[in-house]
Amino acid sequence: MGQPRFYYDLDSPECYLVAERVMHALGDVPEWIPVQISEVGPFRCAAEVDSYREDVERRAAALGAMPLRWPDPFPADTRWAMLAATYARSIGRGVAFSLAAFRQAFAAGRDLSERDNVLVAAAACEMHPAAVIKGAELRGTREKLAAATAHARADGVRSLPAVVIGDQVLHGERAVPVPA
């Protein structure tokens with residue numbers, strides 16, 4: 001059946017909730033793959049944003065997660081952060097970096113569209129800021145992110161978070177089991 005694959009984007013608090021439990025939820029350690037398939041929203045008004053936040057906060061509480069702190073702005077443009085995650089994955093630090101970045105965004109309320117906040121996440125897993133900046137800006141890194149996104153689509157992923165186990169695609173935070 002192969003190793004499960006966890007597809008995520010750092011802009012999504014639902015991906016964050018899955019990231020915090022996916023290592024224990026499946027029985028097998030999944031491969032973490034940053035992709036850009038769908039963005040959070042779009043929201044038509046502030047009331048929709050508030051409703052979405054309340055729903056995610058209720059789910060986080062039900063899962064026993066720490067209370068969420070929302071970055072401002074939300075949702076943020078995480079394109080550069082996703083390139084950094086792709087670079088981190090290429091050097092074997094993808095999981096550590098992505099967890100640190102998710103926690104910067106949704107536990108500390110920091111905006112991942114600001115490079116300094118991304119670099120704080122990188123420093124938390126011993127990645128040198130200059131290497132992260134250079135690695136995230138490489139054409140090869142952009143190509144890897146695009147290829148991972150294309151592979152996710154070929155796997156049948158249409159929204160995030162998603163976990164692929166064999167031929168089965170689990171879409172959405174609620175589809176991933178809660179560890180016992």
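1. Phenylalanine 43 sits at 25% relative accessibility, so it counts as partly exposed (buried is under 20% relative accessible area, exposed over 50%, partly exposed in between, with a 1.4 Å probe and protein chains only). Before going on: this is a predicted model, where local features need pLDDT of at least 70, side-chain atom pairs count only at pLDDT 80 or more, and totals for chains, interfaces and linings use all residues. Residues are numbered from 1 along each chain as its sequence is written, and side-chain values use heavy atoms, with hydrogens and water left out.

2. Which ring pairs with phenylalanine 43? The ring of tyrosine 52 does: the centres are 5.4 Å apart and the planes at 55 degrees, so the pair is tilted. (Rings of Phe, Tyr and Trp, the last by its six-membered ring, pair if their centres lie within 6.5 Å; planes under 30 degrees apart are stacked, over 60 edge-to-face, the rest tilted.) Tyrosine 52 is buried, with a relative accessible area of 15%.

3. Twelve aromatic pairs turn up by that rule. In one of them, phenylalanine 6 and tryptophan 32 have ring centres 5.0 Å apart and planes at 90 degrees, so this pair is edge-to-face. It ties together distant parts of the chain, with phenylalanine 6 in strand β1 (residues 5-8) and tryptophan 32 in strand β2 (residues 31-34), 26 residues apart.

4. Now α3 itself (residues 46-63). Val49, Tyr52, Val56, Arg59 and Ala60 are buried there. They cover an arc of only 100 degrees around the axis, which puts them on the same side of α3 (the arc is taken from the directions from the helix axis to the C-beta atoms). On the other side, Ala46, Ala47, Arg58, Ala61 and Ala62 are exposed. The buried set packs against α1 (13-19), and glycine 64, with a positive phi near 80 degrees, follows the helix.

5. Have a look at arginine 59 too: this α3 residue is buried, with a relative accessible area of 18%. Its side chain makes a polar contact of 2.8 Å with that of glutamate 173 (a pair of N or O atoms within 3.5 Å; within protein, one must be able to donate a hydrogen and the other to accept it, and residues adjacent in sequence count only if both atoms are side-chain atoms).

Notes:
Helix = DSSP H or I, 4+ residues; strand = E, 2+ residues; numbered from the N terminus. Contact = heavy atoms within 4.5 Å.
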